[in-house]
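This report goes through local features of one protein model, from accessibility classes to helix faces and backbone angles. The sequence and structure are shown first.

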Amino acid sequence: MVFAGQSARFGHPEQTLGITTLLGGGIYRVAERVGRARAFGWALTSEQVPAQVMADTSVINRLVPDDELLGHAGDFARRVACGPTLAHAAHKALLHSWTLGGTASADRDLFDLSVPLFATQDVRAGLESAAAALRAGKPRPVLDFHGRWRPHRAACET
């Protein structure tokens, strides 16, 4: 997830030094989101791309006012960390598999990554609460997840 303030600008200044984008695989990670032609053009020119363009092309996920950036990012991080982290880890692994080998690769890994979740208390509680809410005609409740990738308990109490 990439959050950016509205005044942020992005670019590949490496070409002005005669090198490639080394840290984090800049050019090919951008190409993964916006396509080869646009990423190559930005790398060739070292163009300073406004945050709004990066949001419009899906390079960044959330564009927020500059003075609210840390708050938005922190709130999001806490919400994710206190959520179903085992499911988050499986989604991340599925997306990694897809990145490396496309849909066929992710299809091969889907059940190995997803089925073990059904043995967790988190999923049992989630399915039971969803069924009960449906029977009662009420919205599903917000659950307290206990996945093993979880921050200290105090971080999730609000």
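A residue is called buried when its relative accessible area is under 20%, exposed when that area is over 50%, and partly exposed in between. The model is predicted. Val-115 has a relative accessible area of 45% and is therefore partly exposed. Val-115 sits in the loop that joins H5 and H6. Its C-alpha atom lies 45 Å from that of Gln-48, and the two residues are 67 apart in sequence.

| Residue | Relative accessible area | Class |
|---|---|---|
| Leu-17 | 65% | exposed |
| Ser-46 | 12% | buried |
| Ser-58 | 45% | partly exposed |
| Gly-71 | 38% | partly exposed |
| Ala-104 | 45% | partly exposed |

**Surface patch**

Leu-17 belongs to the loop between strand E2 (9-10) and helix H1 (26-34). With Ile-19 and Leu-22, Leu-17 makes up a nonpolar patch on the surface, and the three residues together have about 340 Å² of accessible area. Leu-17 itself is classed as exposed because its relative accessible area is 65%, and the cut-off for that class is over 50%.

**Helix H1**

The buried residues of H1 include Gly-26, Val-30 and Val-34. They cover an arc of only 40° around the axis and so lie on the same side of H1. An α-helix has 3.6 residues a turn, so residues three or four places apart point the same way. Among the elements that cover the buried residues of H1 is H2. After H1 comes Gly-35, with a positive phi near 100°.

**Helix H6**

Which residues of H6 are buried? They are Asp-122, Gly-126, Ser-129 and Ala-133. Viewed down the axis of H6, the buried residues fall within an arc of 75°, so they line one face of the helix. Leu-127, Glu-128, Leu-134 and Arg-135 are exposed on the other side of H6. The cover over the buried residues of H6 includes helix H5 (85-114).

The length of H6 can be checked against its residue count. H6 runs over residues 121-136, and its 16 residues should span 22 Å at 1.5 Å a residue. The C-alpha atoms at its ends are 22 Å apart, which agrees with that expectation. The expected span is taken as 1.5 Å times one less than the number of residues. H6 is followed by Gly-137, which has a positive phi near 70°.

How many salt bridges does the model contain? The count comes to one. Its partners are the side chains of Asp-75 and Arg-78, with an N to O distance of 2.8 Å. Both residues belong to helix H4 (residues 69-81), and they are three residues apart, which means that about one helical turn separates them. Asp-75 counts as partly exposed at 41% relative accessibility, and Arg-78 counts as partly exposed at 44%.

Gly-71 is also found in helix H4. Its relative accessible area of 38% makes Gly-71 partly exposed. Gly-71 and Ser-58 are 13 residues apart along the chain, and 21 Å separates their C-alpha atoms.

Most residues other than glycine have a negative phi. Ser-46 is buried, with a relative accessible area of 12%.

Phi of Ser-58 is likewise a positive value, near 65°. Ser-58 occupies the loop between helix H3 (51-56) and strand E4 (62-64). Unlike a buried residue, which has under 20% relative accessible area, Ser-58 is partly exposed at 45%.

**Helix H5**

Ala-104 is a residue of helix H5. At 45% relative accessibility, Ala-104 counts as partly exposed. Ala-104 and Arg-140 are 36 residues apart in sequence, and their C-alpha atoms are 33 Å apart in space.

How values were computed
Residues are numbered from 1 along each chain as its sequence is written. This is a predicted model: local features need pLDDT of at least 70, side-chain atom pairs count only at pLDDT 80 or more; totals for chains, interfaces and linings use all residues. Side-chain values use heavy atoms; hydrogens and water are left out. Patches are made of residues with over 30% relative accessible area and no salt bridge: like charges are joined within 9 Å, nonpolar side chains (Val, Leu, Ile, Met, Phe, Trp, Tyr) within 5 Å. Accessible areas come from the Shrake-Rupley method with a 1.4 Å probe; for residues, only the protein chains shown count as cover. A salt bridge is a side-chain nitrogen of Lys or Arg within 4 Å of a carboxyl oxygen of Asp or Glu. Helices (H or I, at least four residues) and strands (E, at least two) are DSSP runs, numbered from the N terminus. Buried means under 20% relative accessible area, exposed over 50%, partly exposed in between (1.4 Å probe, protein chains only). The arc is that of the directions from the helix axis to the C-beta atoms. Contact means heavy atoms within 4.5 Å.
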